[in-house]
Amino acid sequence: MERRRQVVDSVGFTNVEMDDAFWSPRIETNREVTIEYQYDQLEESGTLENFRRAAEGESGGFSGMWFQDSDAYKWLEAASYVLATEDDPDLKERVDEVVDLVAAAQDDDGYLNTYFTLVEPDGRWTNLHMMHELYCAGHLVEAAVANHRATGDDALLDVATAFVDHIETVFDDEDFDGAPGHEELELALVELYRVTDEERYLDLAEYLVDVRGTDADRFRWEVEHYDQIAGYGEGKAIEDGPAGTFLDDEGEYDGSYAQAHAPLDDQAAVEGHSVRAVYLYAGVADLAMERDGTDPLEVLDDLWQNMTERRMYVTGGIGPEAAHEGFTEDYDLRNEDAYAETCAAIGSIFWNQRMLELTGDAKYADLIERTLYNGFLAGVGLEGKEFFYENPLESSGDHHRKGWFTCACCPPNVARLFASLGGYCYGADGDSLFVHQYIGSGVSTEVGGTAVDLDVETDLPWSGDVSLDVTAPEEGSFALRLRVPSWSEGTTVEVNGESVDAAVEDGYLVLDREWADDTVELSFEQTVETVRAHPAVEADAGLVAVERGPLVYCLEATDNDRPLHQYVLPTDGTYDVDHHEDLLGGVSVLSGEARAPDRSGWEGELYRPADETEQEDATVTAVPYFAWDNREPGPMRVWLRGEQR
């Protein structure tokens, strides 16, 4: 497919005023509840105490995982995003206190990692593959850039640049090479370049990408010597510890866990740890936007095709395997023990947003939408204080959200995405204004030299009707590019009450005209769709799932009379759609006909000839997948048996 090959600049979230019946309450909960709650967890988990002890020159006493610093950095990033759009003096004071604490823990040479400062001062940079020093550095950089942009302060930015400058000196040693075992610094360095204009940060990012798959000997050594370096699991076999994730079935080193099995250009499938993978691809896409001659689009799109066509859940979740938190093989999409980490869904959104900016192709915005409403949103409870790490598509009733985790990467990741959600809605490209996501909001920007105010009203995901008011104080000509969602069964558009025909390019309906004070009305037809998985997906053989608009639905035991495994859904079934404002924060519920075994006459029998079994009519009630496990505990299923009538 021919590409536009133009970069579509995202309109920053600070230029977007959110006013959406669905998303705004969740954003407010994130600001008012989640951010405060997570700060308390940073205290209770010892994360902030690690920085205090390091700042005071103490040794030992480290709390948590060796990459625990990153939780504080992600919290700082999320809180800074809130400060970019809200005047919150109390939050600003708390952020400044944490920034001061981080700065105080930094060594004179710029190094900053409380685990090594407190526990292994002689172990710095001895194991890039396992110890997450560069991963933590990346999250520090992202937090610093966010804080600088939000507040104008340089304190955290100075800390981050000093650390990156120290990292540069480490890599300047001709005898030292390697890449992060957990990607993150790559994309962060591009963001650091964008606020400093220092080309050397792009150079380092490009090196970290290009070295992948070329330094297997170093990676192999680090894995084999992990116990000695990290003091992990003394007396245990390597395959029993974290390093075992780098070994194949024969116990040999396998760098695919960290996407280090081959140079990127030679990688044909998404492999290994899913969060690491999508962070890498996001960083590569960032580099392509900033550096002439860097053109990985074909490789990235091939990887995207592999993921979306063979290795992705219907919810947009990725990574089925718990043992290494990642991808396995094509069509391995098990349900009850699906991993589908919340961080992986968020990383997928990051990657797809950058692909959207690189290409202007709506398929990436479509996947962002699917993941936002399903794979991501399920990761946080309605009250904003409990989170899923794993997101299975089936539960026996024993999988529940938790307030925090030993490895607490997901909760602050959720917070930073909520706080910056407006940045995923709009884009500008020369003389075009793109609407990527239909979320109620107002945006003020400039298109082709024309100042434009755009207000969007919608009741998505419950209704496919969208109204857009376009105001250009000085009348100007530009194209309004409106994404046609992949789920829409039919689309109508009116401008100032008159029906218009418009071309669709790369998935966007194009309205190119003189704009002054105009109203566009869109109607995207929403229908309830019963879908099947590819025949190669063994876990879904004979099963169907139900979707409506951008939402995937599920059955919960609390809404249905029978055990969920007994229901059989007609593949051509019809459903009533009823909106309940007082249920699960306000959701549209689906009710439809189904079939189920006739349970009468089985007394004294365990088995019966198949031709003597009968089915009877039943009714099922389905709720959006994102809302499950917010009521009475019980079984849940996305995929159920399906049959043609």
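Student: How much space lies in the largest cavity?
Tutor: This is a predicted model, and a search of the whole structure turns up 1 cavity of 30 Å³ or more. A cavity here is a set of points, on a 1 Å grid over the protein atoms alone, where a 1.4 Å probe fits but cannot get out. Grid points are joined across faces, edges and corners, and the volume is the space filled by probe spheres set on them. For the largest cavity that comes to about 30 Å³.

Student: What should I know about the numbering and the pLDDT limits before we go on?
Tutor: Residues are numbered from 1 along each chain as its sequence is written, and side-chain values use heavy atoms, with hydrogens and water left out. As this is a predicted model, totals for chains, interfaces and linings use all residues, while local features need pLDDT of at least 70 and side-chain atom pairs count only at pLDDT 80 or more.

Student: How many charged residues are in the lining of the largest cavity?
Tutor: Lining residues have an atom within 4 Å of a point, and here they are S395, G397, D398, H399, H400, E556, W628, D629, E632, P633 and G634. Asp, Glu, Lys and Arg count as charged; Ala, Val, Leu, Ile, Met, Phe, Trp, Tyr, Cys and Pro as nonpolar; and the others, Gly among them, as polar. On that basis the lining has 2 nonpolar, 5 polar and, as asked, charged residues numbering 4.

Student: E556 ends strand 15 (residues 551–556). Is that strand largely enclosed or exposed, and why?
Tutor: Strands are DSSP runs (E, at least two residues), numbered from the N terminus, as are helices (H or I, at least four residues). Buried means under 20% relative accessible area, exposed over 50%, partly exposed in between (1.4 Å probe, protein chains only). L551, Y553 and L555 point one way and V552, C554 and E556 the other, yet all are buried. Because 6 of the 6 residues of strand 15 are buried, it counts as largely enclosed.

Student: Which residue in strand 20 stands opposite E556?
Tutor: Strand 15 also runs antiparallel to strand 19 (residues 615–624), joined by 3 bridges, with Y553 partnered by P624. Strand 20 (residues 636–637) pairs with strand 15 over 2 bridges, again in the antiparallel sense. There, E556 faces M636.

Student: Which helix gives the largest share of the lining of the largest pocket?
Tutor: A pocket is an open set of points with protein on both sides within 12 Å along at least five of seven lines. The largest pocket holds about 930 Å³ of space, and its lining has 31 residues, with S10, R149, E191, R194 and E357 nearest its centre. Several elements each supply at least two lining residues, including helix 3 (69–85) and helix 16 (410–419). The largest share, 5 residues, comes from helix 6.

Student: And which helix gives the largest share of the lining of the second largest pocket?
Tutor: The second largest pocket has a volume of about 600 Å³. T308, M312, Y313, V314 and R370 lie closest to its centre, out of 31 residues that line it. Strand 15 shows up again here, supplying at least two lining residues, but the largest share, 6 residues, comes from helix 15.

Student: How many residues of helix 16 are buried?
Tutor: Contact means heavy atoms within 4.5 Å, and the buried residues of helix 16 pack against helix 1 (23–44), helix 3, helix 6, helix 12, helix 14 and helix 15. Those buried residues include P412 and F418. Helix 16 is largely enclosed by the rest of the structure, because the buried count is 10 of the 10.

Student: What relative accessibility does W75 have?
Tutor: W75 lies in helix 3. Beyond its neighbours within four places in sequence, W75 is in contact with residues including I35, Y39, L91, V98 and P412. W75 counts as buried because its relative accessibility is 1%.

Notes: Pairing = 2+ DSSP bridges.
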